[in-house]
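Me: I would like to learn how to read the sheets, cores and salt bridges of a model. Can we take them in turn?

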Amino acid sequence: WIPCAWDLKANRPVCTLPSQVASGAYAIAFYPDSELLTFVGTDRAIEAWNVTTGKRVSQISNTKTPAGPTNNIAALSRDGRLLAWAAGSTITVWDTQQKTRWLELPAERGAIWYLAWSPDRRWLAVGTSAGGPVIWDIPKIRYHLAELGLYL
């Protein structure tokens, strides 16, 4: 465990982070308004840890997204329900409550540099090396993928 902040008066860490974050996290994000930190490790598992207690609270096995250190970015929705994870030019969206892959977006033309959710989880903004931003209407894309029989 590594400290993320130090209380100088008490001479102790205020919170702790799993050592995996320091040694090999590809993407990392805090749950909004919470003490939960989520990250994608080198084994491609998505984990959530309570930084106050230092305990893992959930893990999602992720075997569909390619491993590798290229441009891994994560963004949690405001309510912490959806995690968008970009690896290279691929974006997968995970349901953190159901612990399932919820959506895979078509590959972007360039490497993904930034991700951001709208407050209502309807829109996912994506900044890429090919220019942008690209704005995905998530309910609409899920609907069209279902029509094509490509919905997960």
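This is a predicted model: local features need pLDDT of at least 70, side-chain atom pairs count only at pLDDT 80 or more; totals for chains, interfaces and linings use all residues.

Me: In what order do the strands S7, S8, S9 and S10 lie in their sheet?

Reply: Strands of a sheet pair through backbone hydrogen bonds, either parallel or antiparallel. Helices (H or I, at least four residues) and strands (E, at least two) are DSSP runs numbered from the N terminus, and two strands pair if DSSP finds at least two bridges between them. Here the four strands form an open sheet in the order S7-S8-S9-S10, paired antiparallel. S7 (73-76) and S10 (100-105) are at the edges with a single partner strand each, so one side of each has no neighbour in the sheet. From one strand to the next the twist averages 20°; axes are lines fitted to C-alpha atoms, for helices over the stretch in contact, and angles run from 0 to 180 degrees between N-to-C directions.

Me: How many bridges join S8 and S9?

Reply: Six bridges join S8 (residues 82-87) to S9 (residues 90-95), in the antiparallel sense. Trp85 has Thr92 in S9 as its bridge partner.

Me: Which strands form the sheet of three?

Reply: That open sheet has the order S11-S12-S13, with antiparallel pairing. Its edge strands are S11 and S13 (131-137), each of which pairs on one side only. S11 and S12 run antiparallel and are joined by five bridges; in S12, Gly127 is the bridge partner of Tyr114. Helix H2 packs on this sheet, touching S11, S12 and S13, and its direction makes about 70° with that of S13. Touching is read as contact, meaning heavy atoms within 4.5 Å.

Me: Which residues of the largest nonpolar core touch the most other members?

Reply: In soluble globular proteins, nonpolar side chains tend to be buried together. A nonpolar core is a set of buried Ala, Val, Leu, Ile, Met, Phe, Trp, Tyr and Cys residues joined through side-chain atoms within 4.5 Å. Buried means under 20% relative accessible area, exposed over 50%, and partly exposed in between (1.4 Å probe, protein chains only). The largest core has 17 residues, and Ile91, Leu105, Leu115, Trp117, Leu124 and Ile138 touch the most other members. S8, S9, S10, S11 (112-117), S12 (123-128) and H2 (138-147) each give two or more residues to this core. Beyond its neighbours within four places in sequence, Leu105 is in contact with Ile91, Leu124, Trp136, Ile138 and Ile141. A second, separate core has twelve residues, among them Ala29, Tyr31, Trp85 and Trp94.

Me: How many salt bridges does the structure hold?

Reply: A salt bridge is a side-chain nitrogen of Lys or Arg within 4 Å of a carboxyl oxygen of Asp or Glu. The structure holds five. One joins Asp79 and Arg121 (2.4 Å, N to O). Asp79 is in the loop between S7 and S8 and Arg121 in the loop between S11 and S12, so the pair ties together parts 42 residues apart in sequence.

How values were computed. Residues are numbered from 1 along each chain as its sequence is written. Side-chain values use heavy atoms; hydrogens and water are left out.
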